[in-house]
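User: Could you take a close look at the salt bridges in this one, and at the core they sit alongside in your write-up? I'd like the cut-offs spelled out as you go.

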Amino acid sequence: MPGPWPDRDRGADFVRRLHAGDPTAPAEFAAAVLDPLVEYLRDASPEADDHARVTAAEDAVLSVIRHPARFDPARSDLPTFLRMAARGDLANLLDGERRHHRRRDGPDSVELVPDGRNCSWDDDPADLPSFDTPELVAVVATFTAEERRVLDLMRDGERRTEVFAAALGLVDRPPDEQKRGVKQVKDRIKARLRRAAEGT
C-alpha cells in the first residue's frame with residue numbers, strides 16, 4: 001500500500017528545497033508523492049493501464065521538480081495540484097494513444113518503422129544517460145526493487161537474459177516468456193529514464 005501524502009508543512013518544505021536547488025530534494029520529493037499519486041490515478045482512471053498512470057504521475061512530479069514556481073501554495077495544496085496535473089497528463093497520454101491507434105488501424109494505414117527513439121538505448125552502459133541530474137535521480141528513486149536490480153545489471157553491461165530473469169523472479173517461466181518479461185521491464189526503464197533525461 002502506498003504511504004500517505006506528505007502533510008502541508010512537509011509539502012511546503014519540499015517545494016522550498018526544490019526552489020533552493022537542494023540536491024537531495026528531487027529524489028525525496030518523488031519518493032514521497034509518486035506512490036500516492038499513482039494510487040489516486042488507479043481509482044480516478046480505472047480505464048487506463050498502469051503504465052500510462054505511472055507515466056502521467058511521473059510527468060506531473062517531474063514538472064514540479066523542474067519548475068517548482070508553478071506550484072502556488074496560496075492557491076492549492078500540493079496533493080490537489082499534483083492530482084490535477086496528473087489527470088491532465090493522463091488525459092493527454094490516452095488521447096495520444098487513441099490517435100495513434102486510429103492512424104495505425106485505418107484502412108490505408110502503413111505501420112511506421114520506429115525512428116529509434118523508443119528503443120534507442122542498448123544495454124551498453126555507455127548508452128545509458130548520466131545519473132547526476134536531479135530529474136534522473138528522482139525517477140530512479142521511484143523504481144521498484146526489481147527495476148533497480150535490472151537497472152544495476154544494465155549499467156554493469158549485463159546482457160544475458162537468464163541473469164535478468166533471475167533478478168525478476170522469472171526463472172520458472174518458459175524461455176520465451178522470460179525473454180518477453182525481461183524486455184518489457186528493460187523497455188519500461190529506458191522509456192522512463194529517457195523522458196526524464198529529455199526534459200533536462
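Analyst: A nonpolar core here means buried Ala, Val, Leu, Ile, Met, Phe, Trp, Tyr and Cys residues joined through side-chain atoms within 4.5 Å. Buried is under 20% relative accessible area, exposed is over 50%, and partly exposed is in between (1.4 Å probe, protein chains only). The model is predicted, so local features need pLDDT of at least 70 and side-chain atom pairs pLDDT 80 or more, while totals for chains, interfaces and linings use all residues. Numbering runs from 1 along each chain as its sequence is written, and side-chain values use heavy atoms, leaving out hydrogens and water.

The largest nonpolar core has 47 residues, with Phe29, Val61, Leu82 and Ile189 making the most contacts inside it. Among the helices supplying at least two of its residues are H6 (145-155) and H8 (175-198); helices are DSSP runs of H or I, at least four residues, numbered from the N terminus.

Now the charges: there are 13 salt bridges, each a side-chain nitrogen of Lys or Arg within 4 Å of a carboxyl oxygen of Asp or Glu. One of them pairs Glu147 with Arg188, closest N and O atoms 3.2 Å apart. Glu147 is in helix H6 and Arg188 in helix H8, so this pair ties together parts 41 residues apart in sequence. Glu147 is buried at 5% relative accessibility, whereas Arg188 is partly exposed at 30%.

Arg160 and Glu158 also pair up, at 2.8 Å from N to O; Glu158 is buried at 15% and Arg160 partly exposed at 48%. Finally, Glu39, Arg42, Asp50 and Arg53 are linked in a salt-bridge network.
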